[in-house]
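Welcome! Take a moment to look over the sequence and turn the model around on your screen before reading on.

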Amino acid sequence: HTSRIYMNQPENMENQAFVTLGISNEILQSIQEMGFEEPTSIQQECIPKILSGTDLVGQAQTGTGKTAAFGIPAIMKVEKGGKIPNVLILCPTRELAIQVTGELIKLARHTQGVFVVPVYGGQAISRQFSALKRGVQIVVGTPGRVIDHLKRGTLDLSDLRMLVLDEADEMLNMGFREDIEEVLSHTKGAAQMVMFSATVPKQIRRLMDQFMNHPETVKIEGKTETAANIEQYAMEVRDSMRTEAICRSLDMGDFRLALVFCNTKRNCDSLVEELQSRGFSADALHGDMTQAVRDKVMKKFRSRQIEVLVATDVAARGLDVDDVEIVFNYDIPADPEFYVHRIGRTARAGRSGIAITFVSGRKNKRIRQIETMIRTKLTRMSMPTLRDVREVQKGANLEAIVQTLQAGGLREYIELLEPIAEDDFTPIEIAAALYKLKYGDVK
């Protein structure tokens, strides 16, 4: 996984800002090799507090560096070479668990005696048995698989020093509250508890009151601004015309990879069927799918066998494909803060991207809430007409005609048209007639 946990990456650096946070020399060496100079705001605020043993709630968006904010203290707190875990990190999805594990392994590269193991559904549990038995200091897992290991007696939390809930709001939205409580019952209340969440709704506050010891809250402001290289539009369109709007937009832009977000699994499946019936290579990604199916879909999307991926917010966690050119919000996100996460799937690795959100009638109020949060006005646009699409296609096919002329091999077609050319029609008139047959005006 590409590391995106730090910002500001000059070639020459001294890591002085990291040194002031009390980070170990071994981790500083890893940071230097990763090529980063300054900690992000969430790291600056959280690392010293977590190292001091304080229970903490960090409110920050994806991409702000929260993995290192809890990962660096976690590595420093474990008993090096110990046989049972000192740190447990819970993640809502397998994708995020794998991503977090990858970042921690990079950070712990020069710290002897620290092993990080992911445990999640979809992987052979026997492999996880072996890894846990060999001795591990940090376990990163999804709630279901962690509970499975606890019931089997293959995961011992008797010496747990820190419990991290990453993307806690998503775990609660996915119905993991009882699972979280069951995991907490095995810690005997002695472990330091750290939560990171994009939002802090009432259910998060209830969890804080019930299980955390006078937690400090760190909220990072100003991280909801969207990338400058994403063109953001609000397209006025009736709900019944949203699929047509996607198809026309894709035809006009000739996009190779597109991502569409829906709020429900049902909308995902029905939209995929509609897109496939119109000739698009599309597939869905949502929580009702098995992990094996989700992995297969993602592999096809990355290899461009699928040109349109339709996903829910939860399923898209950890989705990191650099070539996504356009993102559609088929449904306006239920939480305005999810908007930033969604459109951030495009314009990766220095590229530009386009984000289109469909809106109609009373939904305009929700668009204004998003604009207030991101401090950016979405450009209003209308759905492309059939004439707009056809005009763009005409221009694109002129280039194809030139390429065909340059390639040659036209003799049989010339012989077919020569009798007409010998009458009263010029070659250019014949070409125009053929072009009109294919791209005649659409009323």
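Predicted model: local features only at pLDDT ≥ 70, side-chain atom pairs only at ≥ 80, totals over all residues.

Residues are numbered from 1 along each chain as its sequence is written, and side-chain values use heavy atoms, with hydrogens and water left out.

**The sheet**

Let us begin with the strands. Helices (H or I, at least four residues) and strands (E, at least two) are DSSP runs, numbered from the N terminus. Two strands pair if DSSP finds at least two bridges between them. Seen this way, 7 strands form an open sheet with parallel pairing, in the order 3-4-2-5-6-1-7. Its edges are strand 3 (116–119) and strand 7 (216–219), each of which pairs on one side only. On average, and ignoring direction, neighbouring strands here are turned by 15° against each other.

Helix 10 (residues 202–211) lies across strand 1 (56–59), strand 5 (162–166), strand 6 (192–197) and strand 7, at about 175° to strand 6. Such angles run from 0 to 180 degrees between N-to-C directions, with axes fitted to C-alpha atoms, for helices over the stretch in contact.

**A residue in strand 6**

Leaving aside neighbours within four places in sequence, S197 is in contact (heavy atoms within 4.5 Å) with G58, Q59, A60, A168, D169 and I204.

**Two helix pairs**

Two packed helices are described by the angle between their axes and the distance between the axes.

| Helix pair | Angle | Axis distance |
|---|---|---|
| Helix 3 (residues 41–51) and helix 4 (residues 66–77) | about 25° | 8 Å |
| Helix 9 (residues 177–185) and helix 10 | about 15° | 13 Å |

Angles under 35 degrees count as roughly parallel, so helix 3 and helix 4 are roughly parallel to each other. Their contact includes I42, C46 and I50 of helix 3 and A69, F70 and P73 of helix 4. Helix 9 is likewise roughly parallel to helix 10. In that pair, R177, E181 and L184 of helix 9 meet Q203, L207, Q210 and F211 of helix 10.

Methods: Parallel < 35°, antiparallel > 145°, perpendicular 65-115°, else oblique.
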